[in-house]
Amino acid sequence: MPELAEVSRIVHFIRQHLVGKTLSKVSTQNDDIVYGKVGTSGSEFQQAIEGKKVVGAGQQGKYFWIAMSSPPHPVMHFGMTGWLKIRNTDTYYYRTDKPEDKEWPPKYWKFLLETDGDLKTEAAFVDPRRLARIRLVDCPAEEIRKYSPLKENGPDPVADKEAVSESWLGDKLKSKKVPIKALLLDQANISGIGNWMGDEILYHARIHPEQYSNSLNDDQIKKLHFSLHYVCSTSVDLLADSEKFPEDWLFNHRWGKGKKNTPSVLPNGERITFLTVGGRTSAVVPSMQKKTGPVTKGASGEDTSDMPSNSKRKRAAVPKEESDSEAKGEASKSKKTAPKPPAKQPVKSEENEEEKSTDLGRRRSTRLRK
């Protein structure tokens, strides 16, 4: 799932290629899930933005929007596999050599945009798994964050840097008794942090992901606050291009590099293990991330670091990921009305589909080192 840094990358390209231009042609697919789940349709989306000028773009965590010359405005979430392609522009944050990623219009497109003028820009929103969401928000552009779904989510650590202060973070941690990794992934607390960013933040803070949030001492809170802003701001500044990430980041060594049955290790020889925390796979360096307080009961201590690696540039399964607060609400509603499934059969829902993938192995949604 695209996280804070990856979404920031696409906002950068929207501002570079679409802002200031008029959308002369908009084509849509009437997808009753991608559009319909959030109360609109492809045809309504087309009618709302065709012929209008793009005047800006913004982001709050994993949500982003395109500000039009008049309301309503598209507000989007990529889900697990969504992305915005711009023709003849490298918007991807992972390297791909597949022919289908070069074709136009691309496969699995949900809308196509074309601007006017001599230098036309063509853009396409794609989503193979249909877990993305495209909606219209009818309000002044500068007030988008005051409306659903953004108002239900926590502050963005980059856009709202001053709000995410050390004292604010300390109060948030002390108010909840949950594994710290789970707290970071909950979009109602902080917007934009996903699996790899959460692991990176905890690694730099030297905090174990299973430890309860309310057990962290003042020194740990201070380190966590610094690490949170360091990882988020650095990855955003680098447009999520992992080839430019600092060499000492956990990210560079966690993706099962090496031969089969060879554990993932840091350059200094420290071993990387994998634990299941709150249903998510977490990369952790036990020798550096010590448990200094109570941890969640029944936490999985499974070490899957000996998993086989994938070959270069292959797209691995998308990591297990947290869903936003809205998706959780949808899942909750569906549980109330859905019939009880047969024994040992998991309830199928949009959220469950999102969580089927695994974080083990190379991550699909980043630029991989050669």
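S191 counts as buried because its relative accessibility is 2%, and buried means under 20% relative accessible area. The model described here is predicted.

**Surroundings of S191.** This residue is located in the loop that connects α4 (180–185) with α5 (195–205). A polar atom of the S191 side chain lies 2.5 Å from the backbone oxygen of G154.

**Strand β8 and its partner.** Strand β8 covers residues 133–137, and four of its five residues are buried. It runs antiparallel to strand β4 (residues 73–77), to which five bridges join it. Within this pairing, V75 has R135 of β8 as its bridge partner.

**Nonpolar core.** The largest nonpolar core comprises 63 residues, and the members touching the most other members are F64, F111, F125 and L224. Helix α1 (residues 4–17) makes the greatest contribution to this core, namely seven residues. Apart from neighbours within four places in sequence, F111 is in contact with S27, T28, Y35, F45, M76, L84, A123, A124, F125 and I134.

The secondary-structure elements named above are located as follows.

| Element | Residues |
|---|---|
| Helix α1 | residues 4–17 |
| Strand β4 | residues 73–77 |
| Strand β8 | residues 133–137 |
| α4 | residues 180–185 |
| α5 | residues 195–205 |

Methods. Residues are numbered from 1 along each chain as its sequence is written. This is a predicted model: local features need pLDDT of at least 70, side-chain atom pairs count only at pLDDT 80 or more; totals for chains, interfaces and linings use all residues. Side-chain values use heavy atoms; hydrogens and water are left out. Buried means under 20% relative accessible area, exposed over 50%, partly exposed in between (1.4 Å probe, protein chains only). Helices (H or I, at least four residues) and strands (E, at least two) are DSSP runs, numbered from the N terminus. Two strands pair if DSSP finds at least two bridges between them. A nonpolar core is a set of buried Ala, Val, Leu, Ile, Met, Phe, Trp, Tyr and Cys residues joined through side-chain atoms within 4.5 Å. Contact means heavy atoms within 4.5 Å. A polar contact is a pair of N or O atoms within 3.5 Å; within protein, one must be able to donate a hydrogen and the other to accept it, and residues adjacent in sequence count only if both atoms are side-chain atoms.
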